[in-house]
Every structure is written in C-alpha cells, then in structure tokens.
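Welcome! Please open the structure in your viewer and keep the selection tool at hand.

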Amino acid sequence: MATPYDSPQPVLNATTSHGEHLTLRPAEARDADAIQKACSDPETVRWTTVPLGYDAEMAAGFVTEYAPGWWQRRQGACWVVADAEGSYVGQLDLRVGKDPEVADVGFITAPYARGRGYMPAALRAAAEYGLRELGLARVEWKAHVGNDGSRRVAEKAGFVFEGVQRGGCAHRGERRDCWIAALIQEDLA
Ligand SMILES: CC(C)(COP(=O)(O)OP(=O)(O)OC[C@H]1O[C@@H](n2cnc3c(N)ncnc32)[C@H](O)[C@@H]1OP(=O)(O)O)[C@@H](O)C(=O)NCCC(=O)NCCS
C-alpha cells in the first residue's frame, strides 16, 4: 500500500494567532545563511543539541543531507518554517523513533522572528500532519526544565503537559531533567 513517504515531502500550511500565513517546506540552498545564524544563536546553543561552532559547511549539509534524510528514511520530516514571502523564519523536525507510532519534535525560531507566534502554529501543523497522515499515535515534546519559551510553544500548540523526566535529556555529555508534553490522536477529536 502506498504511504505518504512514496511522494515528495509535503508543504504544510499554518496560520498564526495573528493571522500570519506560514508554510512548512523542505530546506533549500537559499536558507543556508539563516540556518547558520539560527543555529549559532546563544539561546539555541543553550537549549538544543545543535552542534557547536555551526559553520557554513554544516548549514549546507543540513540542507542537502540532514533535512531531507528524515523523509528519505521514512522517519518523519524536517521542515523550514517560512513566512508569507517564503523566507526562513525557523525550522522544525518531526522525528519518528523506535516505536513507529511515536515521534518527537525539535524546533528553532530565528532570533529576529521570535515572539510572533510562529512556532506554535508550525508545531500544531506538523503534529497534526503526523497524527492524521503518518500513522502516529503520539507526538512528544521535550525541553530542558526552565525552557519556558519552548513550553509556551507546546502549550499554545495544544500539547498536554505530562511532567518531568529526571535525567530525561542528553545534553553535551550530561543528563538534564526535562519537561514532557504530548499531543495524541484523541486530542484531535
Ligand atoms: C522557543 C522558541 C522556539 C519560541 O518560538 P517563537 O516562534 O518565538 O514562539 P512564540 O512567539 O509563541 O513565543 C513563545 C514564548 O517565547 C517568549 N518570547 C516572546 N517574545 C520573545 C522574543 N522576542 N524572544 C525570545 N522569546 C520570546 C514568550 O515567553 C512566548 O510566550 P508567550 O506568547 O506566552 O508570551 C524560540 O524562542 C527559540 O527558538 N528558542 C531557542 C531554541 C529553543 O529553545 N528551541 C526549543 C528546544 S525544546
């Protein structure tokens, strides 16, 4: 039986609570500079496992290998979040793990685009796509305890907070306590 993965990675649409239109699309070469800047941002380095010293070569590799790799391996998708002009404002991964019905998410909004509600809209669109089209039962969000901005994103996207996982996240050679929330099939009803 054909699955979504037999077709090219889809472009998703999202609308912010302020009515701004976004698309979630595959990464392109023109995004590389913005990706490099977003991945070098101190808040991104602080809260995510983005490689340190993120240079132009890493950004190019992100576009040609890392981002398309998730869809090619049938393990979810990595999207660039683009504004109404099609320009990069962030990125979001939906990553299917060992359990094929469970994915987790990772996301960054470009520093200049923060505070406009972009990521909650993008996260909701990606999670709904995963639950409705990719056969997922559960989409998980995890963040280090204290990442209040990320927690607000999850809450505004409709994820239900579940608690703290002690030592739940690996971070640059140590274990960090993390918050966990999820959106499940039943939440869409
Ligand atoms: C967390 C993050 C993705 C939020 O994305 P966003 O598109 O700015 O989302 P929102 O506009 O909905 O803002 C979310 C929260 O960030 C905070 N915020 C608002 N304006 C902000 C700004 N200019 N700069 C930073 N944070 C801001 C607020 O707490 C806001 O919640 P509120 O709407 O209830 O006030 C973004 O700050 C980011 O990329 N952070 C670094 C990477 C990171 O932590 N990724 C998540 C790892 S789990």
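The tour goes from the ligand to a pair of helices and then to some strands.

Before you click, note that residues are numbered from 1 along each chain as its sequence is written. This is a predicted model, in which local features need pLDDT of at least 70, side-chain atom pairs count only at pLDDT 80 or more, and totals for chains, interfaces and linings use all residues.

**Stop 1: the ligand.** Select the ligand and its shell of 22 residues, with Trp47, Arg114, Gly115, Met119 and Gly149 the closest; a residue belongs if its C-beta atom, placed from the backbone, lies within 6 Å. Now colour helix H5 (148–156), one of the elements that supply at least two shell residues. H5 gives the largest share, six residues. Helices (H or I, at least four residues) and strands (E, at least two) are DSSP runs, numbered from the N terminus.

**Stop 2: two helices.** Next, select helix H1 (residues 32–40) and helix H3 (residues 56–72), whose axes come within 9 Å and cross at roughly 115°. Axes here are lines fitted to C-alpha atoms over the stretch in contact, with angles from 0 to 180 degrees between N-to-C directions. Show Ile35 of H1 and Phe62 of H3, which are among the contact residues (C-beta atoms, placed from the backbone, within 7 Å).

**Stop 3: the strands.** Finally, select strands S7 (residues 160–171) and S8, which run antiparallel and are joined by eight bridges; strands pair if DSSP finds at least two bridges between them. His171 has Glu174 of S8 as its bridge partner. Between S7 and S8 is a two-residue hairpin turn, where Arg172 has a positive phi of about 50°.

Notes. Two residues are in contact if their C-beta atoms, placed from the backbone, lie within 7 Å.
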